[in-house]
Amino acid sequence: MGGMTTGDAIAAALYGNRFLTQPAPSTHFPDTGMSPVDAMRLVDEDLAMEGDPQRNLATFVTTWMEPEAQRLIAENLHRNFIDHAEYPISAEIEQRCVRMLADLFHAPGPTTGCRTQGSSEAIMLGALSLKWKWRERRKAAGRSTESPNLVFGGDVHVVWEKFCRYFDVEPRIVPLAEDKYTIGPDDVEPHLDENTIGVVAVVGTTFTGHKDDVVGINDLLLRFKQEHELDIPIHVDGASGGFVWPFLYPESKWDFRLEQVRSINVSGHKYGLVYPGIGWLVFREESDLAQDLVFYENYLGKTDATFTLNFSTGASMVLAQYYNFVRLGREGYTYVMRQMQANARALARHAAESGRFEVIGSDLEQLPLVAFKLAGKHTYDESDIAWQLAAERGWMVPAYTLPPNAEHVKILRALVKETMSREQVERLSRDMHDACETLDKKGGTHESERQQVKQGSGY
Ligand SMILES: *Cc1c(COP(=O)(O)O)cnc(C)c1O
């Protein structure tokens, strides 16, 4: 115990904790340990300085679940999901969830899919299947399998560029423009050729919460199939939208109702309303999963087929996802999504009526969020507002620039989740007003001042 006498150590054990007067271990593997209570308090007190999830309007990820769900999660933390031989019921529950999602997404018949750590893993796996299926088609036709490409818009999540770099596929990225934050068939067409493994359409973009024109892209690809005999599949990135569109916009087509949509990913830990990390990958038909990617092993006592990037992982979030499906059903999910949408609309209305802000695309199909930017000219920008809100009230509302070629557009985005009550919407609206009043007086903060705000605001 560095620098402590035995007497000090005994006193600390009796009356306090030695970590209260010493730095937390951080650079070397500790020589000695501490009591369970001390270890718990050390971690807890470190975390107390983090952001409060309740005021985190930046994240799409679930920050609250019911006590019954929390109990189910806590009671099953020791269960290794991949151990199908020993825990066959967990595996069966995963497959029930896959079948329910396939039904929700209008799959035409029996299909296949799996749980993943999140949409990122689901996207890597889905895109690998696109690449392998393309290779199968090229080989069968006696053509080169040299230079695969994937077409998507600048509105995608960073994971799509990651996939292209990690797995050696040429990204063909359709740039955005001012006032055009999603893509459609006219953007996609010039990029297609015989080496296109697929087109990605986003339903619920990270930037503004809108969807690409999946219907238009599907029509384009159907025409391509007829005219050029090229069968180019669509993968829908429904990380957020996959649990929103079926409930808020059931008539809007974006899923397996469209013939070229061959696979869909969705994050259970976003609007699936489960804690991180859980995601899902669902194929249209079993044949859309390239069989070469499935591995068979029997280490755990029974031959098992696996199609995953990770191996061991907890079963708790799979069970929690199933809990939500049976607890809420279509009616419950619809209720929750509508409640979030109603509160998001109230926030959007306040922002627009204040005269200070321009709300982006709230008249379109959109995730329950508010994307907005400053209207008119000011001596401060959206980042200043974000810092001011954090400094004054601890709200976490991110400000960011859009992707090329809309990078000169800066926006603020507030996620309105299940726990954000109307009262909180009113409070946030008032706090936005106060932040702007402060900034009207003092102008935008300088970079150095921002740094202080950042350090002082408990991020
Ligand atoms: C969040 C998100 C991802 C990544 O999903 P994770 O579940 O965080 O891995 C991918 N695409 C979109 C559109 C997203 O919103």
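This is a predicted model: local features need pLDDT of at least 70, side-chain atom pairs count only at pLDDT 80 or more; totals for chains, interfaces and linings use all residues.
Stepping back, E1 and E7 belong to an open sheet of seven strands, ordered E1-E7-E6-E5-E4-E2-E3, and the pairing is mixed. Strand E1 (113-116) and strand E3 (170-174) each have a single partner strand, so they stand at the edges with one side left without a neighbour in the sheet. From one strand to the next, the twist averages 20°.

## Helices on the sheet

Helix H5 packs on the sheet and touches E1, E2 (149-153), E4 (196-202), E5 (234-237), E6 (261-267) and E7. The direction of H5 makes about 150° with that of E4.

Helix H6 lies across E2, E3, E4, E5 and E6. Relative to E2, H6 runs at about 165°.

## Where H5 meets H6

How do these two helices pack on each other, and at what angle? H5 (residues 119-140) and H6 (residues 159-166) pack at about 45°, with axes 10 Å apart. That angle makes H5 oblique to H6, and the crossing of H5 past H6 is right-handed.

On the H5 side, the contact involves Ser 120, Ile 123, Met 124, Ala 127 and Leu 128. These meet Val 159, Trp 160, Lys 162, Phe 163 and Tyr 166 of H6. Sorted by class, the contact between H5 and H6 has eight nonpolar residues, one polar and one charged.

How values were computed: Residues are numbered from 1 along each chain as its sequence is written. Side-chain values use heavy atoms; hydrogens and water are left out. Axes are lines fitted to C-alpha atoms, for helices over the stretch in contact, and angles run from 0 to 180 degrees between N-to-C directions. Helices (H or I, at least four residues) and strands (E, at least two) are DSSP runs, numbered from the N terminus. Angles under 35 degrees count as roughly parallel, over 145 as roughly antiparallel, 65 to 115 as roughly perpendicular and the rest as oblique. A crossing is left-handed if the near helix is turned anticlockwise from the far one by less than a right angle, and right-handed if clockwise. Contact means heavy atoms within 4.5 Å. Ala, Val, Leu, Ile, Met, Phe, Trp, Tyr, Cys and Pro count as nonpolar, Asp, Glu, Lys and Arg as charged, and the others, Gly among them, as polar. Two strands pair if DSSP finds at least two bridges between them.
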